[in-house]
Amino acid sequence: MPINSLINGISDRLGIPVDRLSRSVESLKDLKLIEYDESSELRSVELTGIGEILKRILIEGESLPEFLMVPTKSGLKPLGAVVKDVRKNILRMVAEAGSGHIGASFSTVEILCVLYFLKMKKDPKNPGWSERDLLILSKGHAAPALYAILSEAGYFPEIELLRLRELGSILQGHPDLRTPGVDFISGSLGQGLSAAIGFALAAKMDGSSRRIYVILGDGELNEGQIWEAALTASHLKLDNITTIIDRNYYQLSGETEKIKALDPLEDKWIAFGWEVFEAEGNDLKSLIRTLDASSLVKGKPSLVIAKTTKGKGVSFMEGNSFTNKAPSTAELSKAYEELT
Amino acid sequence: MDNLSQIEEFGNVLVRLGEKHRDLIVVDPDVSSSTKTLHFAEIFPDRFLNVGISEQDAVGIAAGLAASGKIPIVSGFSMFLVGRAWEQIANSVARSNLNVKIVATHAGLSPYADGGSHQMLWDVALMRLLPNLKVIVPADAVEASEALVAMIESKGPCYLRLGRSPIPVVYDECCSFQLGRAHLLRDGSDATIVANGIMVSMALEAAEALSLEGIDARVLDMHTVKPLDISSLEKAAFETGALVTAEEHSIIGGLGGAVSEAISEFNPVPVKKIGIDDAFGESSRSYPKLLEKFGLSTRSIMDAIKTIVKERK
């Protein structure tokens with residue numbers, strides 16, 4: 001029955017139990033999403049035209065989020081295409097700059113795309129909007145990914161991307177407030193979560209519903225300050241913070257588990273008082289579902305361990321080979337081919 | 001001179017400021033009973049945050065609060081706040097010029113009994129080399145309270161250095177504090193003592209004693225180490241021809257360093273530096289005895305002035 005799939009879709013998407021939604025069939029009718037014949041005891045419930053569109057967005061869109069249309073600087077564009085274009089831009093930028101972290105940028109592309117194009121309240125025309133949601137890219141070396149996305153969303157012209165790391169550029173090697181759309185400075189690992197606590201407290205004091213997102217690298221978790229902040233955020237019950245760990249299992253000199261083992265990572269954060277979710281971090285659908293669920297957590301901060309692949313998207317860049325180097329011309333064209 | 005505690009005064013004035021500035025928030029790494037921010041905590045519990053013994057987190061949280069338009073004051077022991085969280089102050093606060101106010105207590109030798117682990121002798125050096133930061137070392141409790149008000153009313157990151165122990169009162173009621181403008185406390189033509197913190201009262205005593213010996217010493221209270229009051233220094237160098245700096249801090253990089261750097265640029269005159277001569281602190285049951293041991297005394301200032309005046313002749 002079409003009405004069931006609509007209700008399931010709404011329930012799934014928003015994390016509201018199905019039984020609570022089913023009881024409001026009348027309100028669905030009031031909203032003109034469904035129509036039914038009173039005399040037939042709801043046996044002939046049908047979706048209206050609007051209901052049909054909503055169902056397509058909720059259910060079909062969810063099953064194939066690559067086809068979700070999202071607003072970009074050049075109008076509506078499928079999310080899957082945005083993801084690809086962002087990766088291509090990262091390649092161009094790092095190649096042009098002569099240095100930069102491709103691997104760490106690639107692993108975090110889907111996370112940033114879902115946040116910027118679906119989840120966060122943002123206005124590229126008004127980057128300083130006081131009610132906007134905030135993003136702190138604590139693993140600041142993934143800056144090329146952030147910049148490519150900010151440009152795609154319309155915060156600044158795309159041509160600026162090619163000036164990454166150039167003297168006088170608005171695009172510093174690591175996130176900096178001189179870039180429109182960057183909410184907090186980073187580059188020194190371990191400091192973003194503490195700042196998020198400050199933002200979250202200020203939001204609560206001001207009665208603002210803004211949400212603060214923090215992206216941490218897994219290698220970054222070696223830093224002690226992260227764990228100071230993890231204790232503080234849960235002690236203060238800051239449910240307006242969502243932290244996402246880009247769990248790509250690599251840091252500068254090799255595998256995280258060989259350098260300073262983090263697993264069992266989930267247990268650590270649970271023990272610190274966080275509500276922990278796991279997601280496939282390069283899978284849009286998994287990220288959307290998990291981030292939706294995480295934003296419903298009350299009374300404690302939430303954490304998404306997003307399992308990713310470092311260098312995701314280009315076969316020969318996966319793993320740790322592009323930690324901080326620019327691709328050669330041959331590598332660049334090969335990578336381009338793979339991304340197209 | 002009577003003795004008064006800078007931190008007691010800080011704790012009381014903070015409450016007054018809390019009433020006036022509703023955006024003022026105190027971030028505390030679990031030392032409020034020592035830093036005296038506990039008075040603020042009692043009256044404004046919603047604007048007081050004890051983050052536990054974690055200075056790096058405290059500074060980061062203050063950065064987030066400041067970036068949201070609040071006026072955070074982080075107050076903790078100088079050694080741990082500046083020492084441990086220096087890079088957070090540099091990267092999360094100073095680099096974005098965020099409006100975070102750092103009030104460091106127990107600076108210098110003032111936690112005399114605790115020993116070298118607690119005696120911060122290089123904080124002024126560490127703070128003044130960071131771009132955007134202002135650095136204030138007040139001479140007494142009165143100046144500390146006026147400096148606090150000026151700091152809250154100024155924009156941008158600022159460092160205020162306070163001692164733990166009661167120290168002599170230099171200013172009776174008010175001192176018309178202005179950031180970056182030194183106080184001429186005593187005029188003189190033979191040499192100038194440029195002092196801050198507890199050394200200001202000793203500088204005045206030294207100048208008084210020297211006058212009985214026929215030496216006319218000028219005394220400048222250089223409470224703001226950054227931005228440094230270059231014009232007062234220039235004038236002192238031109239008119240008195242020799243400088244002695246006096247601070248409860250290492251002679252490397254602090255007031256003595258700042259004055260020497262400035263004076264060598266425009267009008268080189270002899271500069272002698274009274275301060276801690278490249279050493280760690282140690283325990284003592286008496287603050288004055290500890291100061292004396294490290295050469296921070298009226299006598300050392302007098303000797304330095306006499307030497308510098310003699311050398312010039």
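Colleague: How many residues of chain B are in contact with chain A?

Modeller: This is a predicted model. A residue counts here if its heavy atoms come within 4.5 Å of the other chain. On the side of chain A, 21 residues take part, and on the side of chain B the number is 23.

Colleague: What area is buried between chain B and chain A?

Modeller: The size of an interface is often given as the accessible area lost when the parts come together. Carbon and sulfur atoms give 57% of this area between chain B and chain A, and the total is about 1800 Å².

Colleague: Which side chain of chain A meets R95(B) in a salt bridge?

Modeller: Two salt bridges are counted between chain B and chain A. In one that involves R95(B), the N to O distance is 3.7 Å, and a salt bridge requires 4 Å or less. The partner of R95(B) is D176(A).

Colleague: Which helix gives the largest share of the side of chain B that touches chain A?

Modeller: Ten residue pairs are in polar contact between the two chains. Both α4 and α6 (86-94) of chain B supply at least two residues of the touching side. The largest share, nine residues, comes from α4(B).

Colleague: Is α4(B) largely enclosed by the rest of the structure or largely open, and why?

Modeller: A residue is buried when its relative accessible area is under 20%. The buried residues of α4(B) include E55(B), V59(B) and L65(B). Because twelve of its 13 residues are buried, α4(B) is largely enclosed.

Technical notes. Residues numbered from 1 in each chain as written. Chains lettered and ligands numbered in written order. Predicted model: local features only at pLDDT ≥ 70, side-chain atom pairs only at ≥ 80, totals over all residues. Heavy atoms only, no water. Buried < 20%, exposed > 50% of the residue type's maximum accessible area, 1.4 Å probe, protein only. Helix = DSSP H or I, 4+ residues; strand = E, 2+ residues; numbered from the N terminus. Buried area = accessible area lost by both parts, 1.4 Å probe. Polar contact = N/O pair within 3.5 Å; in protein donor to acceptor, adjacent residues only side chain to side chain.
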